[in-house]
Protein chains: 2
Amino acid sequence: MDCSLAPIPDYGVYPDTPGLTQAAPQAGSIALTWADGYVSEFHYIWLRDSCPCPACVNAVTREQTFEIFAHPDNFAIDDVSLTPSGALSMVWNHESHRSLYHPGWLRAHCYSEAARCARRLQPRAWGQDMQHRLPVFRFAEIMDSDTVLLHWLRTLRDDGVAVLRETPLEKGLLRQLAQRISFLRRTNFGDIFDVQSDPDANSNAFTSLRLPLHCDLPTRELQPGFQFLHCLENRASGGDSILVDGFRVARSLQDEKPAAFRLLSTRPVEFRNRDRHYDYRCKMPMIRLDEEGNLREIRLANFLRGPLDLPANQIESFYHAYREFYQMFSEDRFLVRFRLQPGDIETFDNGRVMHARDAFDPSTGERLLQGCYVDRDEVQSRIRILEREEVRSWL
Amino acid sequence: MDCSLAPIPDYGVYPDTPGLTQAAPQAGSIALTWADGYVSEFHYIWLRDSCPCPACVNAVTREQTFEIFAHPDNFAIDDVSLTPSGALSMVWNHESHRSLYHPGWLRAHCYSEAARCARRLQPRAWGQDMQHRLPVFRFAEIMDSDTVLLHWLRTLRDDGVAVLRETPLEKGLLRQLAQRISFLRRTNFGDIFDVQSDPDANSNAFTSLRLPLHCDLPTRELQPGFQFLHCLENRASGGDSILVDGFRVARSLQDEKPAAFRLLSTRPVEFRNRDRHYDYRCKMPMIRLDEEGNLREIRLANFLRGPLDLPANQIESFYHAYREFYQMFSEDRFLVRFRLQPGDIETFDNGRVMHARDAFDPSTGERLLQGCYVDRDEVQSRIRILEREEVRSWL
């Protein structure tokens, strides 16, 4: 299908689709029929708004210059047709403006219920079963191959966890790994932080204390999206690692204790991270949903939680709900336990997969991890760019 | 009041309060009466959870080690009293654990409706009236005086806008300014970006095009909190600056077009920022509210908006609501218009105050701004640290 006449309004690459067979104008919209029998409806205002021509979209920046609201909203057409090359052509009643739409782009943006549903990413929830099938990647392959890199990043996106093996035992190595994606998330703990027992610690993470299941930095408006922990030494007794899929626990809570789920997903809790130089606080629900009711993220870190600040008549019921949620996290059915070996990098979705470590005894040997964060936006952008290349390689 | 016996569980400094006169146990809670007649109720579970003693809170990290859910939730007391130094003392029925609470800390954490309401920060909304009273600060004073720095940051927090004057005409100066707060927000555009006409622009910002009212980077999960624009040269004709308080517009929309407000605050819209190397997308409502219905942020940038992806029967009503909101932004009653002079830094809340510029003619002279972002967390943390010092200086 040669749609060279239909510009693409972005850098997307749209693979071949079944092709358009019919374009039938209706009142205020157009019904498109595809060669596979599928039907899409697009409203005139949506189509006019989406015109990709160089008068409407800046050809260099690929950003829109046309402003839909500079025109009255009675959009109508003088002509509609399918071009010989397969594009949809529409001529608008206003100024006889002509718009050409690439069929692959149209199909990718269909907003039928079925199409919207198919586009929604579904995290793959897991429990104890993950213990024996933790996704493993070789560090060198991620560094050398875009295919392996894409596989790892999709695993992080969908499973929320993967272990990288056979990494060099070099401090600062995480920077190279992060640069394969984009850049590190900067925090007051630095770009890369040492996780080891420190007598002047400004976080329980930097002691030898047991750390209960938590995510890092729920104290910030944006929790870091992904966390990488590089194990350099682990000779101390204790200090084993635990991971739990917080999305799986939240869905179990919703099924088994719906009242608790409702409270935890609607009542905000403040988390605090304070030291001599910083005082970060963030107040949000522990279970965050998006506008469509999908799980967005979990915010859990009992040792960073500030005093509850809720109406007095909700204090006891909130504690009750929180107790139900918190105790679920220690149930065997959800728990994955393992011991990091020097050369391992534990990589996980910090807003979904809660992590913990047992207390360790620093007198029995060294334990040194290095950690860093890469935000969700950076991982998702990198996946899309790698997928552009993947699609191009098929064409 | 000497409360040295009552440790503070954080680095907060709590100024003198009226003092406690009575502690009356009730069923499951305690009623505290203060010297000014004010009454606070605290639940036992809340108090036990908030015990600041070194066995419950790590004395170095100031993070909690006590876990409330490791205990059954039938908290009760054997004894309650006010100590001679003014602290609240409670002895728990479990293990005779004794907790001491600083009265200033208790008063600051009271969760009565009145106390919660008084603690809520209220942005000061503005319209056209701001034109002749834009808050102005001298750059050198912000760099030299913590008092002026705090005044500027509170202005940014509450008014969302301030202009800094008499700044050196040096590229990279914004880094010094950001370091007075904390650190810069890194993005794919760099730490500091040049805003000038570029033939290979990857954003309409880097052309000479008119930019309609917008915020920067609604394409990210976390929009940058604050934006600083440093004017180095402005000799081109055109290019004047416009600012509008998006919170004021949103509140007007809520009053005047409640149905539009409801749609815009609940239906997500995707924003996209794509170039050859990045593909960022973020789908959130244009008007974001917190769990208590307060305005959290505005996301508006028509030229970055992706095609609407809503159920088909909502497309036309959403465009209608969006048109009402969008057109409000060009009403004179909301508009502040000015021209940046070399040496000015325009500083504003990127999630609240929408900014725009007129088209300019690069053939008539140079126009060069530099921009950067500092996130909300960093500004708020810095305000709290400066306020700690301020309170200490009173004591």
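Predicted model: local features only at pLDDT ≥ 70, side-chain atom pairs only at ≥ 80, totals over all residues.
I started with the strand pairing: strand 1 and strand 2 (residues 29–34) of chain A pair in the antiparallel sense over 5 bridges. Pairing here takes at least two DSSP bridges between two strands. Strands (E, at least two residues) and helices (H or I, at least four) are DSSP runs, numbered from the N terminus. Residues count from 1 along each chain as its sequence is written, and chains are lettered from A and ligands numbered from 1 in the order written.

**Sheet**

I looked up one residue pair: A:Gln22 sits opposite A:Thr33 of strand 2 of chain A. The open sheet in chain A has 3 strands in the order 1-2-3, with antiparallel pairing. Strand 1 (20–25) and strand 3 (39–43) of chain A are at the edges with a single partner strand each, so one side of each has no neighbour in the sheet. I get an average twist of 20° from one strand to the next.

**Helix 5 against helix 10**

Next I checked helix 5 (residues 146–158) and helix 10 (residues 376–394) of chain A: their axes come within 10 Å and cross at roughly 135°. Axes are lines fitted to C-alpha atoms, for helices over the stretch in contact, with angles from 0 to 180 degrees between N-to-C directions. That makes helix 5 of chain A oblique to helix 10 of chain A; under 35 degrees would be roughly parallel, over 145 roughly antiparallel, 65 to 115 roughly perpendicular, and the rest is oblique.

I listed the contacts (C-beta atoms, placed from the backbone, within 7 Å). Helix 5 of chain A brings residues including A:Leu149, A:Leu153 and A:Arg157, and helix 10 of chain A brings, among them, A:Ile383, A:Leu386 and A:Glu390. The residues of this contact split into 7 nonpolar, no polar and 6 charged. For these classes, Ala, Val, Leu, Ile, Met, Phe, Trp, Tyr, Cys and Pro are nonpolar, Asp, Glu, Lys and Arg charged, and the others, Gly among them, polar.

**Chain A against chain B**

I found 69 residues of chain A in contact with 69 residues of chain B. Helix 9 (315–328) of chain A is one of the elements that supply at least two residues, and its 6 residues are the largest share of that side. The side divides into 26 nonpolar, 18 polar and 25 charged residues.

Key. Contact = placed C-beta atoms within 7 Å.
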